[in-house]
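Please consult the sequence and the model shown here alongside the text.

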Amino acid sequence: MSKKITYYSILVVLIIGLFGAGILVIEEFKTGEGCPKIMHIPMCLVVLICFIIPLIAHLLKKYNSIYFLFTGLAFLIAIIASVMQFKGLGECPKLDNGIPMCYLSFVLFSILITLKIILINISKIIKK
């Protein structure tokens with residue numbers, strides 16, 4: 001995989017995530033029923049922030065530790081929410097086809113973390 005393809009793949013995944021989380025946040029502000037809350041904090045807002053900050057770090061082409069901090073946080077949230085959804089202990093917002101969005105968050109953040117590691121390794125190889 002080339003550096004350019006990897007860079008733009010990360011960008012596409014971040015934008016997809018921004019739209020998905022953004023729609024939930026808008027619904028949350030309109031109805032108060034868009035997403036689950038922990039201590040009155042809508043988790044979709046936290047996840048949206050976890051897409052925005054890595055997007056900025058990615059566009060600036062620096063601050064990898066900040067990128068991984070926020071993608072890692074959202075990945076952890078997605079794991080917890082997915083397990084709770086699977087065990088019936090919680091309810092994630094769902095797509096029209098019934099797929100829980102926490103499962104999609106898990107996939108998106110897994111891809112983002114993996115692609116960033118690949119991008120960093122490609123960059124190291126190119127510098128040598």
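The points below treat the disulfides and then a further cysteine.

This is a predicted model, in which local features need pLDDT of at least 70 and side-chain atom pairs count only at pLDDT 80 or more, while totals for chains, interfaces and linings use all residues. Residues are numbered from 1 along each chain as its sequence is written, and side-chain values use heavy atoms, with hydrogens and water left out.

**Overall pairing**
- The structure contains 2 disulfides, a disulfide being a pair of cysteine sulfur atoms within 2.5 Å.
- When the bonded cysteines are numbered in sequence order, they pair as 1-2, 3-4.

**C35 and C44**
- The sulfur atoms of C35 and C44 lie 2.0 Å apart and form a disulfide.
- This link of C35 and C44 is left-handed, with -45 degrees about the S-S bond.

**C92 and C102**
- C92 is joined to C102 by a disulfide with an S to S distance of 2.1 Å.
- The link of C92 and C102 is right-handed, with 100 degrees about the S-S bond.
- The pair links distant parts of the chain, 10 residues apart: C92 is in the loop between helix 3 (64-87) and helix 4 (101-127), and C102 is in helix 4.
- Helices are DSSP runs (H or I, at least four residues), numbered from the N terminus.
- C92 and C102 are each buried.

**C50**
- The closest cysteine sulfur to that of C50 is in C44, 12 Å away, which is too far for a bond.
- C50 counts as buried because its relative accessibility is 1%.

How values were computed. Helices (H or I, at least four residues) and strands (E, at least two) are DSSP runs, numbered from the N terminus. Buried means under 20% relative accessible area, exposed over 50%, partly exposed in between (1.4 Å probe, protein chains only).
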